[in-house]
Amino acid sequence: MSADCPEPVKLQSAPVAQTAAADDTQSDIQLEMDSFEATRDGQWDLKGDVGIRQGHREIKTSDATYDPQTRKFSTRSPVTYSDPGMKVQGSGADFDPDGSVTFEGAQFELPAQPARGSAARIHANRQGELNLDDVRYTTCPIGNDDWILKASDIDISQEAGMGTGRNVRLDFKGVPILYTPFISFPVSDQRKTGFLFPSFGTSSRSGTEIGAPWYWNIAPEYDATFLPTWYSKRGARLDTEFRYLSPFGRGTFTADYLPDDQEFGDSRLLAHFVDQSDFSRHLRLEIDAADVSDSRWFEDFGLGPEGTSVSYLNRAANLIYLDDIWFASLLAQNFQIIDTTIDDFDRPYTLLPQLAVHAHAPGQPFGLTLNFDGEISNFLRDDGVTGLRMDIAPEIRMPLRGAGLYLEPAASWRYTAYDLDDTAPGIDRTPHRSAPILSVDGGVAFEKNWGPGGKRLQTFEPRFLYLYVPYRNQDALPVFDTGAPDLNPVQLFRTNRFVGADRLGNANQVSIGFTSRLLDSATGQQFISGTVGQAIYFDPPLVTLPGETMDDTESSDIVAELELTAFENWNVSAGIQWDPGETRSEKGDINLQYRPNFDRVANLGYRFRRGNIEQVDGSVAWPVGERWGAYARMVYSLEDEKTLDQFAGLEYRSCCWRLRFVGRRYVSNRDGDVDTSFLVQLELNGLSSVGVGADAFLERSIRGYSINRPGEQD
């Protein structure tokens, strides 16, 4: 540690007398002195070096007075006092046998925090409660007074882990930065009602912002936080968060309200409720519901371009039953449309309700496994076709497994039927579709040890899936919730190329994939893995979604993935989808990361989707000196030739405080408007943070970065 930040003093508890009881106030008092004289009133004048010990407490001074009747001790000479939670040096002291001590002109240390300070007067009792007058308080080590909390009086409860002060001024580097007539601050991680330190920041959309949070510790199972904030361009805003624990689970309700947004011209509100209740080992209720007053909320108050990607807000309640065989869910779901540019006929349906059932019953005669998937859903929407859909798919499998190989033939029948409303004249209101699904899934794993002592294990794992589904014309079926996902190695081995029940893709094909891994033989840690796969079509896919076209091809695109981990602090992940017919890539991504330590990481990424996205993403967090650190990130769109998000920041870390400054410029709405914001955070160790918190922002934006060493918490 550098000279300006010496190591904090480590205090040792005073030796415990052999006769000490669990409660120090009931322990014998042991006196040590050079000599003493008994006065006429029965008191003792203790001379020379004086030591008093009672249980864990110890006092050292000179020329003291002791009353053997009341067991009170006092001195007006320099005195030191220590117990497991505190050490005090004062110009005088009064010591009562009930455990209370009063010091004059004292300096104190709280080693558990650690913290220290001085006071004109200190009164401490055996419960660890301190009352201090004319106080200076800091968590900086001796010899460093970078920040000082000054107050007319402070009360500290070490048991509760909280302190309260009156007429408080906070000085940083000798400059007053905060004054409050009352303050509540932690001296541990215990919860306590009171004001927290204010926050402040600035952005080009909202102007300067100043907030003063207040925490309410309602009960052990309830608490709430209120954050009134004033924006120079918008006016007042109140954010609230209520958290609770119940006998069944937990939940959170948040509400952010602007009664009169001067920029927007109206009141604004965002509310969000999340709850998870487990009524029994098998029955759970999950609720996740949000509502916002207007579609511009996330553009105005989002933390970056991610705000522009919020198209819907979910509102769902799901009752789930689960046992060893059955899984059932009863779901009600609705979406609030945030992106109003989405066409009415492309907006998601409301499910009111959906009953879904899945059963998995292995261990049947002849080693068979029986499965069943079924659902009944009611789809509602203001525009377009609505109605009921029933989808069932019983299945039978025969898992055949041996050493390093498996073969699983399966057969199922999928039946989907509708009862529709709001259809066009002449359209069948009760269409249906049924088809068998036949498949054979198989694979084998080859292993080889190599290297000195066979420390490395290499695998080669070929896999195939033959799939047959006859063609059914499904143009008359509506599309309620079905889509075609991106092709990847997992999708190659699914029995339906669509997600959702409205389409069942025809298939007469075989999917082939190869995976190879390099592992540590002893621990199983993976160093590198690679997968490549493709589907060969004996009959071309014919089933499509509305507006989708299929190429007349004999094979799917080739998909490949590569992952390199735990190799000299390097991590690499890459994926590509290659169209052999057009001899070009359709999508791809690659991410490189160098992370030699928890607080230093560099990332470089590239994302490509033909006709949609082509972006480069780079980020870094790195120490640039003994106490300095730098942060930066840039997301650049090659397709638009435009920077979507960029920020840079610096951090200075001292022994008892940390200062961060981050400047950011990003695309904030779908029109391409750019916003600029500044995050400033001063963190005072053992006290609180002043400013806008940058920790979560940096950890979210820079992949692999952490502000804490492994095993540490905030």
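Is Asp 617 buried or exposed? In this predicted model, Asp 617 is buried, with a relative accessible area of 11%.

**Salt bridges**

The side chain of Asp 617 meets that of Arg 633 in a salt bridge, at 2.7 Å from N to O. Because Arg 633 lies in strand E41 (residues 628–637) and Asp 617 in strand E40 (residues 613–623), the pair ties together parts that are 16 residues apart in sequence. Arg 633 also counts as buried, at 19% relative accessibility, a value that falls under the 20% cut-off for that class.

The count of salt bridges comes to 45, and three of them are set out here.

| Pair | N to O distance | Relative accessible area |
|---|---|---|
| Arg 633 and Asp 617 | 2.7 Å | Arg 633 19%; Asp 617 11% |
| Asp 300 and Arg 296 | 3.6 Å | Asp 300 5%; Arg 296 34% |
| Arg 600 and Asp 599 | 3.6 Å | Arg 600 27%; Asp 599 21% |

Strand E30 spans residues 405–421 and contains Ala 410, which is buried with a relative accessible area of 9%. Leaving aside residues up to four places away in sequence, Ala 410 touches Glu 395, Ile 396, Arg 397, Ile 437, Leu 438 and Ser 439. Leu 407 is found in strand E30 too, but counts as partly exposed at 34% relative accessibility.

Leu 407 is one of the residues of a nonpolar surface patch with about 820 Å² of accessible area together, and the others include Leu 400, Phe 446, Ile 512 and Phe 538. Strands E33 (456–469), E34 (507–520) and E35 (526–539) each give two or more residues to this patch, and the largest share, three residues, comes from E35.

**Nonpolar core**

The largest nonpolar core has 41 residues, among which Phe 73, Phe 103, Leu 132, Tyr 137 and Trp 147 touch the most other members. Beyond four places in sequence, the contacts of Phe 103 include Val 79, Tyr 81, Val 88, Ala 120 and Ile 122.

**Confidence**

The mean pLDDT of the chain is 85, and 90% of its residues reach 70 or more. Over residues 6–23, however, pLDDT stays under 50, and the model has 28 contacts beyond four places in sequence for that segment.

Notes:
Residues numbered from 1 in each chain as written. Predicted model: local features only at pLDDT ≥ 70, side-chain atom pairs only at ≥ 80, totals over all residues. Heavy atoms only, no water. pLDDT = per-residue confidence, 0-100. Contact = heavy atoms within 4.5 Å. Helix = DSSP H or I, 4+ residues; strand = E, 2+ residues; numbered from the N terminus. Buried < 20%, exposed > 50% of the residue type's maximum accessible area, 1.4 Å probe, protein only. Patch = residues over 30% accessible without salt bridge, like charges linked within 9 Å, V, L, I, M, F, W, Y side chains within 5 Å. Areas by Shrake-Rupley, 256 points an atom, 1.4 Å probe, with all protein chains shown as cover. Salt bridge = Lys/Arg side-chain N within 4 Å of Asp/Glu carboxyl O. Core = buried A, V, L, I, M, F, W, Y, C linked by side-chain atoms within 4.5 Å.
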